[in-house]
Amino acid sequence: MENKKTYIAWAIRIIVAFLFIISAIAKLYPSPYFAISTFEVKQLYTLGFSESIAPYFSRTLIGIEMALGLLLLQNHWLRKFIIPATILLLAVFVGHLTYVTFLSGGNSGNCGCFGELIPMTPIEAIIKNVAAMALLVWLFIILPKSSEKGHNFWVLNSVTLASILAL
């Protein structure tokens, strides 16, 4: 039974990590400058971000997405920080997408979740994010508390900083 839980836990980790990593990389398609600029204009300016803040916020957000994807594949602080932080980020995305859907009066356009690589409507993105949140809650439940290897906070810092700076 314990082996089955381990396989399920790793399957969930790989699926959600893949979603986050592909989402971060897709936001750089077809060219990083064009894709990030489009993300800033279509998503951040409409939320009230200024032209001076939007470039930093967009790159930091994409870096955090990449970092969370990578950090789901390691064991440091997984139950205590990585899974809750990932669920929180997905909840923020769901809230934003819900707001955008009600504001626009419908379910049209590309939400930008996967950049221009995989266009998704806001409703499709909400469903994807809620499904990912459910998988993460399931992962949190089935992971044993003793599964964490130490609590090396430098792993989190290094991966997150490297992911943000890579952009």
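1. In which helix is Ala 24 found? The answer is α1, the helix of residues 2-26. The model is a predicted one, and the points below should be read with that in mind.

2. Is Ala 24 buried or exposed? Its relative accessible area is 2%. Buried means under 20% relative accessible area, so Ala 24 counts as buried. Setting aside neighbours within four places in sequence, the residues in contact with Ala 24 are Ile 62, Glu 65 and Met 66. Between the C-alpha atoms of Ala 24 and Asn 152 there is a separation of 25 Å, and along the chain these two are 128 residues apart.

3. Consider next how α3 packs with α4. Two packed helices are described by the angle between their axes and by the distance between those axes. For α3 and α4 the angle is about 140 degrees, and the axes are 11 Å apart. The two helices are therefore oblique to each other. The crossing in which α3 passes α4 is left-handed.

4. Which residues of α3 and α4 meet? On the α3 side they are Leu 61, Ile 64, Glu 65, Leu 68 and Leu 71. On the α4 side they are Leu 78, Ile 82, Ala 85, Thr 86, Leu 89 and Phe 93. Sorted by class, this contact of α3 with α4 has nine nonpolar residues, one polar and one charged.

5. α3 also packs with α6, the helix of residues 153-166, at an angle of about 135 degrees and with the axes 8 Å apart. That angle makes α3 oblique to α6. Here α3 passes α6 in a right-handed crossing, whereas the crossing with α4 is left-handed.

6. The α3 residues that make the contact with α6 are Thr 60, Gly 63, Ile 64, Met 66, Ala 67, Leu 70 and Leu 71. From α6 come Val 155, Leu 156, Val 159, Thr 160, Ser 163 and Ile 164. By class, the contact of α3 with α6 divides into nine nonpolar residues, four polar and no charged.

7. Where is Asn 75 found? Asn 75 lies in the loop between α3 (54-71) and α4 (78-104). The side chain of Asn 75 is joined to that of Arg 13 by a polar contact of 3.0 Å. Asn 75 and His 151 are 76 residues apart in sequence, and their C-alpha atoms are 8.7 Å apart in space.

Terms used: Residues numbered from 1 in each chain as written. Predicted model: local features only at pLDDT ≥ 70, side-chain atom pairs only at ≥ 80, totals over all residues. Heavy atoms only, no water. Helix = DSSP H or I, 4+ residues; strand = E, 2+ residues; numbered from the N terminus. Polar contact = N/O pair within 3.5 Å; in protein donor to acceptor, adjacent residues only side chain to side chain. Axes fitted to C-alpha atoms, helices over the stretch in contact; angles between N-to-C directions. Parallel < 35°, antiparallel > 145°, perpendicular 65-115°, else oblique. Left-handed = near helix turned anticlockwise from the far one by under 90°. Contact = heavy atoms within 4.5 Å. Nonpolar A, V, L, I, M, F, W, Y, C, P; charged D, E, K, R; others polar. Buried < 20%, exposed > 50% of the residue type's maximum accessible area, 1.4 Å probe, protein only.
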